[in-house]
Structure formats: structure tokens, C-alpha cells
Amino acid sequence: MRIRIVDAFTDRPFAGNPAGVLLLDAFPDDDWLQKVATEVNHAETAFAHRLPEGGDADWALRWFTPVTEVAMCGHATLATAHVLHTTGAHEGPVRFAGRSGVLIATPGEDGSITLDFPTAPLTPVGLPAGVTEALGAEPVAAFDTGPDIGDLLLELADEKTVLGLSPDHKALAAYSTRGIIATARAEDPARGHDFVSRCFFPNVGIDEDPVTGSAHTALAPYWSERLGRPDLTGLQASRRTGLVRTGLRGDRTLLTGRAVTVIEGELLA
């Protein structure tokens, strides 16, 4: 079967967030899926197969990190939609059935893809004891992002503080189901982004995720409320970096980005 590596939320190779993508006839057993994801060893590997016509969704979709299956992944969904459209396997909007419900990916005339995801519920929480030391900076606010995301969102003082983080990843594992979203308002919006973030997910085997679509379902409502605009652009300031355009639409969040296939080969196992 064909296996592809796609860089998502970027318009150039070797940036954004790489994901493995495999289009299957059906899902094999979970052990095989996990072994493939471990072998690929990117933040996520997506597995999809076509569903019968006439249902609520067109393709079934699952996502695995190198160590576990997850409930939602934005960049691997974008990567899968990119593969479907560039190979001719699917035309127009595609409806994916996943653990977090039906997710829709719509291609744009400019080559971008827009994901329609559920907006994460944000609940203010007290700052957990020890998180400042584990993160290496003192947050100014903390929010739970709900069960689908499973992160602790922490606002920091400024963009410079987010960029300079060098956290204790092992210590961060104690504070949420998946990990930590660290964010701040952009220092200079004229540079093309309204807020910055970095995402640390030690509990699913990812010390720092390069660009996290699912995290932006929490970042979008957070910053849209503070900045007074439904449509924003977030810069995820990892070493690879990537841009995510967000559109808050009530209980749904639109995530728009591009993707580039960088490797295509044959899986022999």
C-alpha cells in the first residue's frame, strides 16, 4: 500500500507538521496501526478508509501518535484531505468520521484546505502548583480545554516568553491528559499573526508538537474573545513553525492551512 508523508499547515517542504497518511480498504487490527505509527515516528499518522455512500461521512479516519491513539488531530486531518484531493481519491468537501464526530475538510480555490472542527470548551482553573517551575515561566491565566483536547491552556506574559520556553517535559506530564498549550498575544500583528503558541504533549509521546490544529480549537475562542474578532491567524512557534488561520463560528471552529506531500513510497509490512 502507498504511504505518504505530508507537511501540514505550511506551503513549503520541511516546515509545518509532518504526518503519515495511509489510505486503506478497512482498518486492520489496532496493534498493526500502532506499530506503523511507531515506525513512521511523526507526531501523528492518519489511517483512512472509504465509507459506503449515503451515510453521514465519506471516510473513516483514525490518528495515532508513536505511542497511542488520540481523539482528534488537526494537522493529520489536513494532511489526509490533501492526499485525497491531490490523488483524485475524493473531490470537493470530504466528511471524516472520527472519535470526535464528523469533521469536514473543504478545499479552497487558492489551494488551502479549511477544517470544520468542534470548538473546545474553555473552563478557567486555578494555576496548578508546580506548573510554573515545570514550564519555566509564570502563566497569567489557566484554562481547561475539555475532554476532546485534553490540554491545559496557559497564557503567558508576552510573545518573547513563549518563544524562550525550555520546559521540563517530564514534569509537564502531571498537569493534563495530553499536554500544555502555552500562548501569548502577538508582539507585532503587522508581521502576519495575531497570537503565538507552543504545544508540549509528553503524555502522548510528543515533547513539542510542531503545529497543532486541534489546539487552535481552544486558541481561537480564547483569542477571539480578547481581540474582538472572529477571524485570526495563529503562529505556532516551534522550530519548524506553521500558520493556522482560525474562524470562530460558535460551537464550530474553522482551521485553514496548506499542505505539501514530501515523501511517497510503498509500505511492505
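The largest pocket of this predicted model has a volume of about 220 Å³. A pocket here is an open set of points on a 1 Å grid over the protein atoms alone, where a 1.4 Å probe fits and protein lies on both sides within 12 Å along at least five of seven lines; lining residues have an atom within 4 Å of a point. The volume is the space filled by probe spheres set on the points, which are joined across faces, edges and corners.

Residues are numbered from 1 along each chain as its sequence is written, and side-chain values use heavy atoms, with hydrogens and water left out. Because the model is predicted, local features need pLDDT of at least 70 and side-chain atom pairs count only at pLDDT 80 or more, whereas totals for chains, interfaces and linings use all residues.

Fifteen residues, written 15 in the count, line the largest pocket, and those nearest its centre are Phe-9, Thr-10, Asp-11, Gly-242 and Leu-243. The lining comprises four nonpolar, six polar and five charged residues; Ala, Val, Leu, Ile, Met, Phe, Trp, Tyr, Cys and Pro count as nonpolar, Asp, Glu, Lys and Arg as charged, and the others, Gly among them, as polar. Strand S16 and strand S17 (252-257) each supply at least two residues of this lining, and S16 gives the most, with three. Strands are DSSP runs of E with at least two residues, helices are runs of H or I with at least four, and both are numbered from the N terminus.

Phe-9, one of the residues nearest the centre of the largest pocket, is found in the loop between S1 and S2. At 2% relative accessibility, Phe-9 counts as buried; the term means under 20% relative accessible area, while exposed means over 50% and partly exposed lies in between (1.4 Å probe, protein chains only). The C-alpha atom of Phe-9 is separated by 5.0 Å from that of Arg-258, although the two residues are 249 residues apart along the chain.

The loop between strand S1 (2-8) and strand S2 (17-24) also holds Phe-14. Phe-14 counts as exposed, because its relative accessibility is 67%. Phe-14 has a positive phi of about 70° although it is not a glycine. Most residues other than glycine have a negative phi. Thr-241, likewise not a glycine, has a positive phi of about 60°. Thr-241 lies in the loop between strand S15 (231-236) and strand S16 (242-249), and its relative accessibility of 28% makes it partly exposed.

S16 and S17 form a hairpin with two residues between them, and Gly-250 in the turn has a positive phi of about 70°. S17 is also joined by six bridges to strand S8 (residues 113-118), in the antiparallel sense. Pro-118 has Arg-252 in S17 as its bridge partner.

Helix H6 (residues 216-227) is mostly covered, with nine of its twelve residues buried. Among them are His-216, Leu-219, Tyr-222 and Trp-223. Gly-228, with a positive phi near 75°, follows H6.

The second largest pocket holds about 170 Å³ of space. Its lining has 13 residues, with Val-70, Ala-71, Asp-148, Ile-149 and Arg-178 nearest the centre. By class, this lining divides into six nonpolar, three polar and four charged residues.

How values were computed: Two strands pair if DSSP finds at least two bridges between them.
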